[in-house]
Amino acid sequence: MKQKLELTWIGKDQQPQLEPRILIEDREKSFGDRNNQNMLIHGDNLLALKALEQDFTGKIKCIFIDPPYNTGSAFEHYDDGLEHSIWLCLLRDRLEILNKLLAVDGSLWISIDDNECHFLKIVLDEICGRSNFVASVIWEKAYSERMDAKGFSTSHDYILVYRKSDAFKIKSISKEQNKKQFTFFDNTEGKYYRRRSLRKEGSESLRKDRPSMWYPIIAPDGSKVFPLKPDGIEGRWRWKKENVVEKENLLEFINKDSKWEIYVKQYLEEDATRPPNTIWKQEEVGHNHEAKEEVKVFNREHVFATPKPERLISRVIELSSNENDFVLDSFLGSGTTSSVAHKMGRKWIGVELGDHCDTHCLPRLKQVVTGEDQGGISESLDWKGGGGFKYYYLAPSLLQKDKYDNWIIDKSYNAEMLAAAMAKHEGFRFNPDEHVFWKQGQSTEKDFIFTTTTFVTVEYLDIIQEEMKPGETLLICCKAFQEPCETRFTNINIKKIPHMLLGRCEFGKDDYSLNIVNVPLENEHEANHDKNSGVDIPIEKKISSLRKKDKKQDTSDPTLF
């Protein structure tokens, strides 16, 4: 048997068979301009990622996640004390879908600490490909030592960076320049500049360190200038002799106390950039305490222990995406990633299971939209508000067991929800035709799906067949049909629900979380699905042209097979 290098753990070969749920918009919690694609999703993040898979595979430019660290060091809203194998399984299942969602030029950024960083690196090598590893960034998360630390005082976390393919190109970052230092003006170049001594200073600045850097340079008066230090010790130049000749126009000779000093002109760049390094200092991208202060603005009572500062997330987004690109965070926490993405003009998707989706993320994002949020990066971007987002939750499992242990369609599903769910299960894109009632979704240009709770008769099937154009095929999903319908037409395939779904995935399971919190109770789901609650399915069109017979179908008892 061919062997391979891999990390193994208990349960690695066991993977959940996820149910592809539909997402339902809660219009009362959606906020701002509705003409947007921003999504705040409340629900188990593994099920939410599965729900996004059909529409967003290959479309996400930047993914940043900050999963629980499996140490007890993450915020109190999560249960971090997971055994290594369980932690790896849970992360692996999510990472596999996240990698599918990445655009060909997209990248994945994961915040992690020492406890699981090296295990996680190996898992990511397996999922993303070792050749797609980009960097391991060290983020200085603390600005001072912890005096109560036992042993080392930990000052940093890691950010592991992977790309989808070599189409990903890391961007440069803006070079911070103190314009007050550029006090001289070059009339020839028309630019401000500052002076830097050509003589090497600091370590390894003596002649003995680099003998080849000890040579004379001819001054304007014809005298020879050597790199002597102020105390007369023989030093050395920064440049080789040939560089002095090539860049003579950058040299400036200043006569001080009858001695020549030689300087290099460093010009102020209008659009100065530099490649990113792998050590991010807290002075540049912020620290944990700064992040806590940002979160307190939205919820002072329950402050996360280790939130990420907006400056850190903005660095990630700046390096990996452009305006209008999609940014996703499936461990949204206090809502930082979505808030920063919104301010930076990106489209965003944030997923959070805990109650803090409503207590932290929702109020924070509302203040971002209104412009009330002036913390974090708001001032540097001159953020004044704008845009909006839609709030979604996961539909309950399509199938539930009745008191006789039989699988039945969940009673909260109306006809439209059932049609949308069946389209997703069968790999069709739900997009009901406004004029042809049986064209509820399609997988290709001529392959359609139709879901109905009506008892399908031969006559009913004949009506549909008459309307079908040459080359079109149709899958009909219904609760019951006359036996002759099954073989009546070669271009129409008819199946019974729920029988056609059994064994495909895990129905009735709502929580794949890292022992975080429980999802809403079933009666809360039913309340949220009330016709008059204002809750809607996130679809572009509605089924508005169903034939009268189908409109009058009985949806009050969807438990019949």
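This is a predicted model: local features need pLDDT of at least 70, side-chain atom pairs count only at pLDDT 80 or more; totals for chains, interfaces and linings use all residues.
**Entry 1: helix H8.** I looked up the cover on helix H8, which spans residues 336-343. The helix is mostly covered, with 8 of its 8 residues buried. I listed them by name: Thr336, Thr337, Ser338, Ser339, Val340, Ala341, His342 and Lys343. I noted that His342 and Lys343 are on that buried list. Then I checked what comes just after H8. Gly345 sits there with a positive phi of about 75°.

**Entry 2: what to expect of the backbone.** Most residues other than glycine have a negative phi, and most peptide bonds are trans. The next entries are set against that.

**Entry 3: Asn324.** I found a positive phi of about 75° at Asn324, although this residue is not a glycine. I placed Asn324 in the loop between helix H7 (310-320) and strand S17 (326-329). Is Asn324 buried or exposed? Its relative accessibility is 52%. Exposed means over 50%, so Asn324 counts as exposed.

**Entry 4: Asp405.** I read a phi near 70° at Asp405, again a positive value in a residue other than glycine. Asp405 lies in a loop too, between strand S20 (399-401) and strand S21 (407-409).

**Entry 5: Pro498.** Which peptide bond is cis, with omega near 10°? I traced it to the bond from Ile497 to Pro498. I then located Pro498 in the loop between strand S26 (492-496) and helix H13 (522-528).

Terms used: Residues are numbered from 1 along each chain as its sequence is written. Side-chain values use heavy atoms; hydrogens and water are left out. Buried means under 20% relative accessible area, exposed over 50%, partly exposed in between (1.4 Å probe, protein chains only). Helices (H or I, at least four residues) and strands (E, at least two) are DSSP runs, numbered from the N terminus.
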